[in-house]
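Please keep the sequence and the 3D view open while reading.

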Amino acid sequence: MWLRPNRMLSRRGLVRLIVALVVLALMSAGLGVWQGNVFAPLFAVIESVAVACALSVAWRAGDRGERITLDESSLEVQSLPGRRCTRFQSYWVRVVLEPGEGRHRLLLASHGNALEIGAFLAEQERAELSKKLMVLLSAIHGQPRK
């Protein structure tokens with residue numbers, strides 16, 4: 001199972017958005033110069049660079065994700081892009097949806113260790129994921145789980 005955040009823009013869309021914002025900022029700076037503000041182009045360039053950097057950082061955050069692999073003996077969560085891998089014994093792992101600060105946290109817990117998964121998902125998606133994981137875990141071991 002792959003968990004990935006929703007990304008509304010493609011790389012091409014991001015570039016188009018940044019270009020449109022830079023053009024608008026430079027047009028506004030041109031109006032400012034026409035009215036006597038000689039520093040308007042400098043501020044427009046600074047603003048354009050700051051907005052482009054902020055949008056690029058936000059867009060790159062969409063690259064993160066998690067891969068969940070489940071078999072009869074283990075449940076493995078691999079965090080991407082860092083390649084951090086956490087493994088639980090599938091028989092002992094518990095799926096816990098606990099209330100947190102303004103949102104629910106989806107945790108996998110076993111033997112005193114806990115791992116939050118799907119932090120970038122919406123509330124409803126986390127609830128659906130917890131139900132799906134509980135069903136899959138119970139199906140693997142042939143018993144109903146709570």
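The report moves from the overall fold to single residues.

## Basis

This is a predicted model: local features need pLDDT of at least 70, side-chain atom pairs count only at pLDDT 80 or more, and totals for chains, interfaces and linings use all residues. Residues are numbered from 1 along each chain as its sequence is written, and side-chain values use heavy atoms, with hydrogens and water left out.

## Overall fold

The protein chain has three helices and seven strands. Helices (H or I, at least four residues) and strands (E, at least two) are DSSP runs, numbered from the N terminus. Along the sequence the pattern is β-α-α-β-β-β-β-β-β-α. The radius of gyration is 23 Å, well over the 15 Å that the globule rule gives for 146 residues, so the protein chain is more spread out than a compact globule. That radius is taken over C-alpha atoms, and the rule is 2.2 Å times the number of residues to the power 0.38.

Along its principal axes, the C-alpha trace spans about 75 × 30 × 25 Å. Of the 146 residues, 30% count as buried. Buried means under 20% relative accessible area, exposed over 50%, and partly exposed in between (1.4 Å probe, protein chains only). Among contacts (heavy atoms within 4.5 Å) between residues at least 6 apart in sequence, 45% join residues at least 24 apart.

## Helix α1 and the annotated spans

Helix α1 covers residues 11-34. At 1.5 Å a residue, its 24 residues should span 34 Å; the end C-alpha atoms are 35 Å apart, which agrees. The expected span is 1.5 Å times one less than the number of residues. The buried residues of α1 are Gly13, Leu14, Ile18, Ala25, Ala29 and Gly32. Their cover includes α2. After α1 comes Gly36, with a positive phi near 105°.

UniProt, in an unreviewed entry, places the feature "transmembrane region" at residues 14-34 and 40-59. These positions use the numbering given here, feature names are shortened, and annotations may be inferred rather than shown by experiment. In the model, residues 14-34 are 100% helix and 0% strand, with end C-alpha atoms 30 Å apart. Residues 40-59 are also 100% helix and 0% strand. Their end C-alpha atoms lie 28 Å apart.

## Strand β6 and its partners

Strand β6 (residues 104-110) has five of its seven residues buried, so it is largely enclosed by the rest of the structure. Strands pair if DSSP finds at least two bridges between them. Six bridges join β6 to β5 (residues 94-99), and the two run antiparallel. Here Pro99 has His104 as its bridge partner. The β5-β6 hairpin has four residues between its strands, and Gly102 in the turn takes a positive phi of about 80°.

Five bridges join β6 to β7 (residues 113-117), again antiparallel. Leu106 stands opposite Ile117 in β7. Two residues separate the strands of this hairpin.

## Nonpolar core

A nonpolar core is a set of buried Ala, Val, Leu, Ile, Met, Phe, Trp, Tyr and Cys residues joined through side-chain atoms within 4.5 Å. The largest one has 16 residues; those with the most contacts inside it are Ile68, Leu75, Val77, Leu108, Ile117, Leu129 and Leu133. β3, β6, β7 and α3 (123-141) each supply at least two residues. The largest share, three residues, comes from α3.

Leu129 touches Met1, Leu3, Leu106, Ile117 and Leu121, not counting residues up to four places away in sequence.

## Backbone exceptions

Most residues other than glycine have a negative phi, and most peptide bonds are trans. His111 has a positive phi near 50° and is not a glycine. His111 lies in the loop between β6 and β7. It is exposed, with a relative accessible area of 61%. The peptide bond from Leu80 to Pro81 is cis, with omega near 5°. Pro81 is in the loop between β3 and β4 (84-89).

Arg64 lies in the loop between α2 (40-60) and β2 (65-70). Arg64 is partly exposed, at 38% relative accessible area. Leaving aside neighbours within four places in sequence, Arg64 contacts Arg4, Pro5, Leu80, Pro81 and Phe120. Arg64 and Phe120 are 56 residues apart in sequence and 8.9 Å apart in space, C-alpha to C-alpha.

Glu76 is in strand β3 (residues 74-80). At 15% relative accessibility, Glu76 counts as buried. With neighbours within four places left aside, Glu76 contacts Arg67, Ile68, Thr69, Cys85, Thr86 and Arg87.
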